Amino acid sequence: MASILAGDIRKGVTFEYNGKGVYTVTEFQHVKPGKGAAFVRATLKNVVTGQVLSDITFNPTAKLETAQVETRKMEYLYFDGEFYVFMDPESYEQITLNHDQVEDALKYIKENDTVTIKFLHGSAFSVEPENFVELKIIECEPGVKGNTATNAMKNATVETGAVIQVPMFVEEGDVIRIDTRSGDYMSRVGK
């Protein structure tokens, strides 16, 4: 198994931590105090259970055993009432995942969208939508006349049910581009 030095960890790096399971780095900070040795402070998330460990510190020269995570592009087919069904577009292999496994991605995906699914030892543990998606607004507060030139924002519900903050000029029926990593409105792309 490959290893990585704690001083080289970055967001998204996945490794085995103290025999407690496989974790991915969600936040990290290299700390160089005025006195004493430098260290790395990180927030870790268990890739299987979702458990979050905050303020974990590492010596920058500590070796961490990296975990072999497989990623595959798959197409979201449908929800059968109990499970979400995804298909590998090359092999046509289908997998079913429960709500807990896809919950975070559901805000940004609709049927036939491509997603990235991460696997550990053959079991799926994470579904990630594309970084940018285009979704139609199905419900939106009306804009206030004369309030279009400011940075004022309002709530809009997109076709997946997610509520996004949008500028006042955006209207119901518009298609908008969303950054799924932050949930931020990027631009209006049409009707």
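Start with the whole protein chain selected: among its contacts (heavy atoms within 4.5 Å) between residues at least 6 apart in sequence, 41% join residues at least 24 apart. What is on screen is a predicted model, in which local features need pLDDT of at least 70 and side-chain atom pairs count only at pLDDT 80 or more, while totals for chains, interfaces and linings use all residues. Residues are numbered from 1 along each chain as its sequence is written, and side-chain values use heavy atoms, with hydrogens and water left out.

Next, switch to a cartoon view, where the protein chain shows one helix and 16 strands, these being DSSP runs of H or I over at least four residues for helices and of E over at least two for strands, numbered from the N terminus. With the C-alpha trace displayed, the protein chain spans about 60 × 50 × 25 Å along its principal axes.

Now colour by burial: 40% of the 191 residues of the protein chain count as buried, a label for residues under 20% relative accessible area with a 1.4 Å probe and protein chains only.

Then turn to the aromatic rings, of which the structure holds seven pairs, where rings of Phe, Tyr and Trp (its six-membered ring) pair if their centres lie within 6.5 Å, and planes under 30 degrees apart count as stacked, over 60 as edge-to-face and the rest as tilted. Select Tyr 76 and Tyr 84, whose ring centres lie 6.3 Å apart with planes at 40 degrees, so this pair is tilted. Tyr 76 is buried, at a relative accessible area of 7%, and Tyr 84 is buried at 8%. Finally, select Phe 15, Tyr 17, Tyr 23 and Phe 58, which ring pairs link into a cluster.

Methods
Buried means under 20% relative accessible area, exposed over 50%, partly exposed in between (1.4 Å probe, protein chains only).
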